[in-house]
Every structure is written in C-alpha cells, then in structure tokens.
Amino acid sequence: MSRQDIEFKTSDGVTLRGWFYTTPATTVSKLPCLIMSHGFSALKEMALDAFAERFVARMDLAVLVYDNRGFGASDVAPGQPRYEIIPQLQCSDLQDAITYAQTRNEVDASKIGIWGSSYSGGNVLYVAAVDRRVKACISQVRTPLGGN
C-alpha cells in the first residue's frame with residue numbers, strides 16, 4: 001500500500017489536505033477511486049485511514065481521504081473561523097475532491113465513488129444526487145443503541 005500526503009484547492013481557494021492511497025500492485029492501468037469524508041467534527045485519522053488501508057490492501061482501488069475545511073490539516077477561507085460546519089461548503093468541497101481525484105494519473109475519472117461517515121453520510125447523498133460524476137455512494141451512519 002502506498003500513501004501520499006496531498007492537498008488541493010477548493011473552488012473558493014481554500015486548501016484541503018489529506019492522504020491518497022493506492023493499491024500496491026495492480027494489472028489495472030487506471031483505478032476506480034473512493035473519496036472518503038468524515039463526520040461532524042472528526043479528522044481523517046479517526047478511522048477513515050484504517051478503512052482506506054483495508055480497502056486498498058484487498059482491492060484494485062485508489063482512496064482519497066481528507067479533512068473537512070477548518071478541521072485537522074485543512075485550511076479555512078481568510079477571516080473565517082476554524083471548526084465551523086456549513087453543509088453547503090462541505091458538499092462543494094467534496095465535489096472539489098472529486099475534481100482533484102479525476103486529475104490524478106492513477107485514477108479512472110469515470111469510476112468515482114464517495115463515502116460519507118456519520119454527518120457526512122448526508123452530504124454524500126446530496127452530492128451523489130446532483131453530481132453526475134459519482135458512480136457509487138456509501139452513506140455510513142450509525143443508529144443509536146436501541147434505535148429502530
């Protein structure tokens with residue numbers, strides 16, 4: 001497994017940072033890519049890295065994991081506070097992550113999936129509904145104990 005530190009700019013110029021994982025050896029020239037975003041205030045180091053490592057160890061797949069704007073290693077727009085959650089911006093940033101992934105030589109731009117964990121589970125559902133580039137969507141949201 002290979003992991004690279006990456007960064008990309010959003011449409012409004014904010015730098016988001018994360019990791020790009022690729023499978024160790026493959027016969028496929030271009031890999032499908034799964035873009036993973038985390039929940040409400042979590043960071044890429046909070047379990048998404050473990051999922052990404054497991055996926056690329058078992059499948060011919062690239063995985064992009066990043067911190068939402070204002071959290072972890074990612075920046076915010078000038079004059080804006082850190083740790084602020086604006087769903088519309090997070091959805092836009094996810095679309096910018098798709099754009100970035102599609103520019104990578106290892107990635108088959110026609111095979112992009114998105115994974116949202118917890119709070120971002122709702123964001124990926126929205127992005128999958130409005131962005132035709134998304135070919136697969138996973139919304140992983142925990143139900144409360146004893147929930148229906």
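Select glutamate 84 to start; this residue is found in the loop between β4 and α2. Helices (H or I, at least four residues) and strands (E, at least two) are DSSP runs, numbered from the N terminus. The model is a predicted one, in which local features need pLDDT of at least 70 and side-chain atom pairs count only at pLDDT 80 or more, while totals for chains, interfaces and linings use all residues. Residues are numbered from 1 along each chain as its sequence is written, and side-chain values use heavy atoms, with hydrogens and water left out.

Glutamate 84 counts as partly exposed, at 36% relative accessibility. Buried means under 20% relative accessible area, exposed over 50%, and partly exposed in between (1.4 Å probe, protein chains only). Show its surroundings: apart from neighbours within four places in sequence, glutamate 84 is in contact with Arg69 and Phe71. Contact here means heavy atoms within 4.5 Å.

Is asparagine 68 buried or exposed? Its relative accessible area is 4%, so asparagine 68 is buried. Neighbours within four places aside, asparagine 68 is in contact with Leu16, Ser37, His38, Gly39, Ser74, Gln90 and Ser120.

Now switch to a cartoon view for the sheet. The open sheet has six strands in the order β1-β2-β4-β3-β5-β6, with mixed pairing. Two strands pair if DSSP finds at least two bridges between them. β1 and β6 (134-140) stand at the edges with a single partner strand each, so one side of each has no neighbour in the sheet. From one strand to the next, the twist averages 25°. Angles run from 0 to 180 degrees between N-to-C directions, and axes are lines fitted to C-alpha atoms, for helices over the stretch in contact.

β1 and β2 are antiparallel over eight bridges, and glutamate 7 has arginine 17 in β2 as its bridge partner. The hairpin of these two strands has five residues between them, and glycine 13 there takes a positive phi near 85°. β2 is largely enclosed by the rest of the structure, because seven of its eight residues are buried.

Move on to β4. β2 and β4 run antiparallel and are joined by five bridges; tryptophan 19 has valine 65 in β4 as its bridge partner. β3 and β4, in turn, pair in the parallel sense over four bridges. Select leucine 34 to see valine 63 of β4 opposite. Then select α3, which packs on the sheet and touches β3, β5 and β6. The direction of α3 makes about 160° with that of β6.

Finish with the interior. A nonpolar core is a set of buried Ala, Val, Leu, Ile, Met, Phe, Trp, Tyr and Cys residues joined through side-chain atoms within 4.5 Å. The largest has 24 residues, and Phe8, Cys33, Ile35, Leu64, Tyr66 and Ile114 have the most contacts inside it. Elements that each supply at least two residues of this core include β1 (2-9), β3 (31-37), β5 (107-117) and α3 (120-130). α2 gives the most, with six residues. Select isoleucine 35: beyond four places in sequence, isoleucine 35 touches residues including Leu64, Leu94, Ile98, Ile112 and Trp115. Last, select Ala52, Leu61, Val63 and Val65, which are among the twelve residues of a second, separate core.
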